[in-house]
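These are my notebook entries on one structure. I looked up a pocket, a sheet and several single residues.

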Amino acid sequence: MALRDIATWLVDLSGFRERAQRVVIDSVCGELGSTFVRLAEHSHVEHDWRYLLLAASVLAQSEDGRCQATALRLAQACLCDEGVTETQKDAAALILDALANHPSIRLAEHRRLLKPSFADRLPGAARVEFTNRLHTHSIEGEGDTHLRVNRFQHKLWDHVMKDGWVSVSAPTSAGKSFILARWIVELNRGSTDMTVVYVVPTRALISQVERDLRCVLDQYRLYEVAVSSIPIVKADPPARKRVFVLTQERLHILLLAHVNLRVHALIVDEAHKVGDRQRGVLLQDVVERVHHESPDVRVVFASPMTSNPKVLLQDARAGTERHAFASEDVTVTQNLFWVSQRPGKPKIWEVSLCAVETNVMLGEIQLAAKPSSESKRLSFVAHAVGGATHGNIVYVNGPAEAEKIAKQLFDLIGVDVSGDGAQDLRELVELTQHVVHKRFALATCLRRGVAFHYGNMPLLIREEIERLFTLGTIKFLVCTSTLIEGVNMACRNIFMRGPQKGRGRRLTGEDFWNLAGRAGRWGKEFQGNVFCIDPEVAALWGESGPPRTRTRQPIRRTTDDVLAEAQALVEFIKGEAPAETAKKRPEFEYVFAYFASIHIKYGGLQQAPWSDRYDPQTLESVAGVVKIAIDGLDVEPSVISRNPGISPFALNQLLLDFRVREKPVEELIPTDPSDWNAARRLTGVFGRLSRRACPRLGPEGPRVFVLALLVTQWMRGYPLSRLIEERIGYLERKGEEVDLAAQIRSVMDEVEQIARFEAPRGLSCYCDVLSQHFRELGRDDLLSDLPQFNLLLELGVNQQTQVSLVGLGLSRTSAILISDSIAADDLSEIQVLEWLLANEELWKNFSVPLLIKREIERIVQRHALGDEIGRQVEG
């Protein structure tokens, strides 16, 4: 029997499993806080480490995820056991090396659990084994150096270097980002002309990926590579090498503005989100458009724990080398706990370790007080377990709940942070009060090392929260579904109770494990913990309770799901996309708009490159009604293609509305946001759009004006704090009672959902249709008066100087602040950098929070250093 086959036999052997479970119980009981009392039957016992390490050395050779997880747990537990010998600890480190888990070895050395340079103490055969793995578990670095990587990373590296299209699925903590960043380095080192597009699922990830890529490129002295999150091909200076970090919405803007842009490499992170309804359809659309315009583009799709990554390679051109693989490599040990109140004892909660087949009762924890309200059950348990440690994430179902739970934790902790970290927290408090509101709840909670985090919060605040949480200064972080959407932030403990994603939608198994994957910081902790509270309550977790086992989920495009209901889609199109149906089944409208664009591009759905994926009869029935629908419209095909996600019928109705209007056509033009009457004019625009094309910009009436005013002020560059004050003042003048916390959340949500998402797509289609109307009237002279809203709304600015400041890497908060002191409104990135260097004394004396000045200083120093080294290299 081969060694790898022995591993799968061994891991199921009852005698071994019993011994391994005793190690697991010993190990996890130390994770449960100072109030935890373990059951007497689980008291500490001496382990047969000679037998267990031998077994772990066999399991470490397997590619089976269960075998690897068991070997990892045993090796880490051995290192943490005070009763083992130094030789046994060296053996445990050798097992970690076999698993290519070098960060855990470094962590053990850092914590003085393992003496440094363990390889020097290995006997001959083990030393040879270790030396051989130095080559098999490394990739080339700068010069003659080599970078140590895990098995998954090595395999991914091999395939991205040799294959044209790659699709990979792996756990959250497998290390995909590290390899993709090094691949970008290699692409740019080996060429004189390179354009890479890195697609991320949310805006929250843009700045993080952009910052990480800049650091890696600087490390390799590739200062000539322009990294940008702005969807513009810069002309000043013209970059020969560039990396765009964009969401699919920003990539759409880039492709509209630069039709013939050649992309050499495309990376799609969280690629399984092609099934994410409207945004999934847009993701599929932009990937196909990049491939259409750049047939030789190299593509990498990355997704977490999916069962069929190969499905994303179906569109690769014939002859393209392609490879898909799913990895089960385990880098971090994770524990799943169920925590339930003991009947009749509200302060006593029982903790069980959840295994695949059964639960193991470990003991109990005691809460500080009775959780008198339902919401306190989550915060009180989190505090009882994690109160003495850092790295605690509490998952909640919305911003309002995040603030409530954070306030409860604030009260439970009872004392403000002092000593190390207190100054950092004070600086973040200052920033929060300046950028949002003096009475924003976050400013209070931060004093005791508690924060909340959701996607609508300003970037600069979110980044500083993440930094201080990583350092351990913030001990408790209360998060919403932003954490699932790709924010790369790991932790020690995650607490959840009836988790949802969106209003009333329980987390899927896929989302649950994606969230759980954040528990356990590779190289920072030996294990991560997931706590499910009140698991027996069906109203919270469903009849089957929380997920027990990690299962891979299939990737399904939204277009595939809709075509599975082809007859319903056909009826929807025949009925001219009725608003009621579109409201209940919005994916029908998105897919219809996508199919209309495909029909226009290829002359019919049957001619599309992907047509052979579907049943011919099904595709024929849909293709027929799409053709009839498009042929019967007056709106130009190019308008339909430029506006994905908006019903062609709605675009056509907007055109007909323009045609029957008798007032001067000039009144239809949205004015520049700096115009005094911009909000009034935009109110009329939103009113027309809300009737059909963009219902969320209405309904017509007072709300339309409120939204139009917000969008106008956002484009004018109003700071968020001013937008909030304006909203509160507006409501007070109307005599309405103001809930400050609710209005702060409302304004932040509307900025994200309306100003940065719904308004750009609505105004884009409005201006496209209006352009056609002007041409029909022979009024081409009015075309230049139509503003280009997409980028202004996406960034929240209204002039080129501000766009350039954001392009340098500054947050909107800092860019708006600086632009107020710059007279010119049309400066390029080079010109604004020159201004910042020439006026250093001015901006350093601004009366603004210290964190804003530090961000400006950091950006200026990095660009100035890159320019200086670039000049030296050229010289």
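How do the residues of the lining of the second largest pocket divide into nonpolar, polar and charged? I find 18 nonpolar, 13 polar and 12 charged; here Ala, Val, Leu, Ile, Met, Phe, Trp, Tyr, Cys and Pro count as nonpolar, Asp, Glu, Lys and Arg as charged, and the others, Gly among them, as polar.

I note that the model is predicted, that local features need pLDDT of at least 70 and side-chain atom pairs 80 or more, and that totals for chains, interfaces and linings use all residues. Residues are numbered from 1 along each chain as its sequence is written, and side-chain values use heavy atoms, without hydrogens and water.

**Pocket.** I looked up the volume of the second largest pocket and found about 1600 Å³. Of its 43 lining residues, R66, A69, T70, R73 and V356 are the closest to the centre. A pocket is an open set of points on a 1 Å grid over the protein atoms alone, where a 1.4 Å probe fits, with protein on both sides within 12 Å along at least five of seven lines; lining residues have an atom within 4 Å of a point. Points are joined across faces, edges and corners, and the volume is the space filled by probe spheres set on them. Helices α2 (14-29) and α4 (65-80) and strands β11 (333-342) and β12 (345-354) each supply at least two lining residues. Helices (H or I, at least four residues) and strands (E, at least two) are DSSP runs, numbered from the N terminus.

**Sheet.** I traced an open sheet of seven strands with parallel pairing, in the order β6-β7-β5-β8-β9-β4-β10. Strands pair if DSSP finds at least two bridges between them. Because β6 (226-228) and β10 (322-326) each have a single partner strand, one side of each is left without a neighbour in the sheet. Strands β5 (194-199) and β7 (241-246) pair over six bridges, and Y198 stands opposite V245 in β7.

**R727.** I located R727 in helix α29 (720-733). R727 is buried, with a relative accessible area of 9% (buried means under 20%, exposed over 50%, partly exposed in between, with a 1.4 Å probe and protein chains only). Beyond four places in sequence, R727 is in contact (heavy atoms within 4.5 Å) with V706, L710, Q743, S746, V747 and E750.

**Backbone.** I recorded a cis peptide bond between G698 and P699, with omega about 5 degrees. E576, not a glycine, has a positive phi of about 60 degrees and is partly exposed at 45%.
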